[in-house]
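Please read this briefing with the sequence and the structure side by side. The points below are grouped by topic.

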Amino acid sequence: MNRPKFHFTTQKNWINDPNGLVFLDGEYHLFYQHNPLGNTPGNIGWGHAVSADLLNWTELPMAIPFADGIMAFSGSVIVDKQNASGFGANALIALFTAHHTMRRLETQHLAYSTDLGRTWTQYAGNPVLDIGKADFRDPKVFWHQATQRFIMLVVLPDEHKVLFYNSSDLKSWVFASEFGPAGATNGIWEVPDMFSLPLEGTQHWVLKVDIGSGGQHGGSGGQYFTGQFDGTKFIADSLGTKWLDYGKDFYAALSFANLKSRTVWLAWMNNWEYAALTPTSPWRGAMSIPRELGLKRTGQGVCLVQHPIPELEQLRANCFQVQNFTINTETRNLPITGSRAVPITGSRAVPIMDSRAVPITHKGFELEAEFTLETAQEFGFLLGENLKIAYDTIDQEIFVFRSQIQDSDFHPNFAGRHHAKLPLEQTLHLRIFIDTCSVEIFVQHGEIVLTDLIFPNLLSTTLKLYAKNGTVQIKNLAIWELE
Ligand code: FRU
């Protein structure tokens with residue numbers, strides 16, 4: 001029920017965080033927190049899927065299962081190119097949290113694979129890190145070129161700290177420094193990630209850390225800091241809170257290891273507040289689309305920008321397009337697929353015709369829209385009666401409003417208005433990916449992103465454009481069905 005078309009889900013049962021994202025020998029690996037026995041959290045180990053293109057995934061057997069009273073909680077994978085660990089050149093090395101179910105303890109464990117992730121062996125010397133704490137988890141490991149060392153970040157969730165460790169063999173780890181508390185601290189800290197990105201001719205660092213509750217709309221959420229890292233200590237540009245995503249369903253984002261020339265991440269598209277109740281079966285939990293990351297200097301300082309990976313354009317099928325079109329107070333209905341519309345691909349496009357309501361006959365599509373602001377106080381898209389994606393020119397906010405009807409009744413905090421401040425001069429650019437039960441909105445070329453689950457029953461709904469108290473110009477609107 002409600003299975004997406006172009007987002008990763010397992011055939012059945014529960015998933016949460018992506019783990020160990022890595023690229024090796026032409027293959028992308030996606031590991032993830034997985035309960036192979038049911039569709040609520042429990043019996044957690046690492047599930048595994050592979051893909052050649054980040055779009056089509058093949059599910060493989062469990063990589064690191066729950067065994068001997070130890071759940072394999074979140075962590076990361078690195079390619080050991082120089083055989084620093086002694087497990088073989090190009091071995092895949094996983095560092096993950098052993099969550100001990102018989103006593104209150106979390107320790108960091110190592111497992112390795114010399115057959116492209118198909119089978120995993122637990123290191124005999126585990127744990128590789130134990131500080132005797134009940135909450136100490138989610139190791140992220142990477143190679144630091146300048147100091148020629150491996151770095152591991154692990155969080156102390158209740159203390160709102162990221163601890164940094166160094167190693168030359170991935171097995172023995174030496175404490176280097178700590179970061180935090182800083183930014184948002186209303187909930188526990190989880191799942192750190194760190195990487196550098198180009199900015200104005202140099203590499204600038206990004207430290208991401210999620211919070212388990214107390215996100216900007218309640219429930220869980222993600223934040224990031226930008227700054228400098230010398231292999232020992234991270235110094236943030238600012239300690240204020242910067243949210244990763246202004247929707248409610250983008251958690252535990254993790255970047256791929258071993259990519260050549262870009263940084264790509266994806267996240268669990270869910271929120272701990274209601275994750276175990278979402279109306280899906282026999283699967284539960286989906287990953288976001290993969291996103292390419294960059295940095296940009298804005299009035300608010302250095303800001304993370306996220307772009308849908310270009311590979312997604314391969315999914316584009318039929319296209320509908322319109323240019324220079326005024327929307328007035330009368331709501332306009334947009335055919336997504338109508339019997340009258342002659343869908344074509346390529347440069348010629350079918351104009352969107354008139355204001356007749358045409359049902360959506362497709363469960364996945366992409367919209368790209370450029371609006372020129374006129375007199376309308378609010379304008380945007382309406383998907384059925386349940387969902388609004390719009391800009392409010394009075395409060396200067398881009399927002400998603402998902403209302404409390406039908407399937408969204410499963411939790412009182414699911415419905416709501418999720419917004420980001422966005423002062424605009426003239427132009428609003430949106431790229432929107434709508435799948436069976438989610439929407440991802442990239443605003444102003446990725447400066448703001450909103451990710452939300454939705455349960456609108458797409459096949460019995462319509463997509464409409466609207467403008468309230470005035471007009472707005474659509475300079476360009478393209479809608480692609482995604483296959
Ligand atoms: C984040 C998290 C991690 C933990 C894992 C357990 O969603 O709580 O901190 O390792 O999920 O499944």
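Pro282 sits in the loop between β18 (264–268) and β19 (283–284), where strands, like helices, are DSSP runs numbered from the N terminus, with at least two residues (E) for a strand and at least four (H or I) for a helix. A cis peptide bond, with omega of about -5°, joins Ser281 to Pro282. The model is a predicted one, in which local features need pLDDT of at least 70 and side-chain atom pairs count only at pLDDT 80 or more, while totals for chains, interfaces and linings use all residues. Residues are numbered from 1 along each chain as its sequence is written, and side-chain values use heavy atoms, with hydrogens and water left out.

**Backbone features in loops**

- A cis peptide bond also joins Gly180 and Pro181, with omega of about 0°, and Pro181 is found in the loop between β12 (174–179) and β13.
- Asn83, although not a glycine, has a positive phi of about 55°; this residue lies in the loop between β5 and β6 (91–100) and counts as partly exposed at 30% relative accessibility (buried means under 20% relative accessible area, exposed over 50%, and partly exposed in between, with a 1.4 Å probe and protein chains only).
- Gln148 is not a glycine either and has a positive phi of about 55°; its place is the loop between β9 and β10 (149–156), and with a relative accessible area of 45% Gln148 is partly exposed.

**Surroundings of the ligand**

- Oxygen atoms of the ligand lie 3.0 Å from an N or O atom in the side chain of Asn16, 2.7 Å from one in the side chain of Gln33 and 2.8 Å from one in the side chain of Trp272.
- Taken alone the ligand exposes 320 Å², of which the protein buries 94%, the accessible areas coming from the Shrake-Rupley method with a 1.4 Å probe.

**An open sheet**

- Four strands form an open sheet in the order β5-β6-β7-β8, with antiparallel pairing, and two strands count as paired if DSSP finds at least two bridges between them.
- β5 and β8 (121–122) stand at the edges with a single partner strand each, so one side of each is left without a neighbour in the sheet.
- β7, residues 105–113, pairs with β8 in the antiparallel sense over 2 bridges, and Tyr112 stands opposite Thr121 in β8.

**Aromatic pairs**

- The structure holds 34 aromatic pairs, in which rings of Phe, Tyr and Trp (its six-membered ring) have centres within 6.5 Å, with planes under 30 degrees apart counted as stacked, over 60 as edge-to-face and the rest as tilted.
- Phe250 and Trp265 form a tilted pair, 6.2 Å centre to centre with 55° between the planes; Phe250 lies in the loop between β16 (234–236) and β17 (251–255) and Trp265 in strand β18, so the pair ties together parts that are 15 residues apart in sequence.
- Both Phe250 and Trp265 are buried.
- Phe433 and Phe442 make an edge-to-face pair, 6.1 Å centre to centre with 85° between the planes; Phe433 is buried at a relative accessible area of 0%, and Phe442 is buried at 2%.
- Ring pairs also link Trp14, Tyr251, Trp268 and Trp272 into a cluster.

Notes:
Polar contact = N/O pair within 3.5 Å; in protein donor to acceptor, adjacent residues only side chain to side chain.
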